[in-house]
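Student: Can we go over the charged pairs in this one? I'd like to keep it quick.
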Amino acid sequence: MIRKTLLQGWRRRCPRCGEGELFRRRLETFDHCATCDLQFQPDHGDTLMFMVITDRIPILFGVIAVYFLGFRSSSLPITIAFLVAMTLPLLATLRERQGVALAMVYLSRVYLGDLAIDRWHLTTDGGTPPA
């Protein structure tokens with residue numbers, strides 16, 4: 001269930017139903033899913049933590065390559081090529097990573113409270129929630 005939800009976020013789809021789109025345009029998200037009416041960001045502060053995780057961890061790999069693996073550039077073209085090689089994938093996957101961050105917010109709401117009924121819905125095949 002966690003993998004499926006994160007993949008739906010990566011595909012820029014609603015983490016609950018997988019049908020509704022997350023983004024209106026560029027990085028502007030819809031407030032609710034058009035299909036299942038899930039509110040994507042009930043508290044914008046929650047999303048910030050997961051966006052930091054999905055942004056800073058890829059940057060950390062570049063820092064590790066430079067400082068711990070001994071990457072040293074002896075010329076300006078190699079330095080520019082390294083920076084481009086680090087920056088382009090980060091920019092190209094910005095919406096996907098933000099979708100994963102929104103999926104992580106959804107998962108935290110399901111597993112840590114706030115959407116307890118969704119946890120039941122995602123782990124069973126229908127019916128009514130237990131009392």
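Student: Is Arg56 buried, partly exposed or exposed?

Tutor: This is a predicted model. In it, Arg56 is partly exposed, at 48% relative accessibility.

Student: Which residue does Arg56 form a salt bridge with?

Tutor: Asp55. The closest N and O atoms of that pair are 3.6 Å apart.

Student: And Asp55, buried or exposed?

Tutor: Asp55 is buried. Its relative accessible area is 19%, and the cut-off for buried is under 20%.

Student: How many salt bridges turn up in the whole structure?

Tutor: Six. One of them joins Glu96 to Arg12, with the closest N and O atoms 2.5 Å apart.

Student: What does that pair tie together?

Tutor: Parts that are 84 residues apart in sequence. Glu96 sits in helix α4, residues 94-111. Arg12 is in the loop between α1 (2-10) and β1 (23-25).

Student: How accessible are Glu96 and Arg12?

Tutor: Glu96 is buried, with a relative accessible area of 14%. Arg12 is partly exposed, at 30%.

Student: New topic. Which residues are linked in a salt-bridge network?

Tutor: Arg24, Arg25 and Glu28.

Student: How far apart are the closest N and O atoms of Glu28 and Arg24?

Tutor: 2.8 Å, and the two form a salt bridge.

Methods. Residues are numbered from 1 along each chain as its sequence is written. This is a predicted model: local features need pLDDT of at least 70, side-chain atom pairs count only at pLDDT 80 or more; totals for chains, interfaces and linings use all residues. Side-chain values use heavy atoms; hydrogens and water are left out. A salt bridge is a side-chain nitrogen of Lys or Arg within 4 Å of a carboxyl oxygen of Asp or Glu. Helices (H or I, at least four residues) and strands (E, at least two) are DSSP runs, numbered from the N terminus. Buried means under 20% relative accessible area, exposed over 50%, partly exposed in between (1.4 Å probe, protein chains only).
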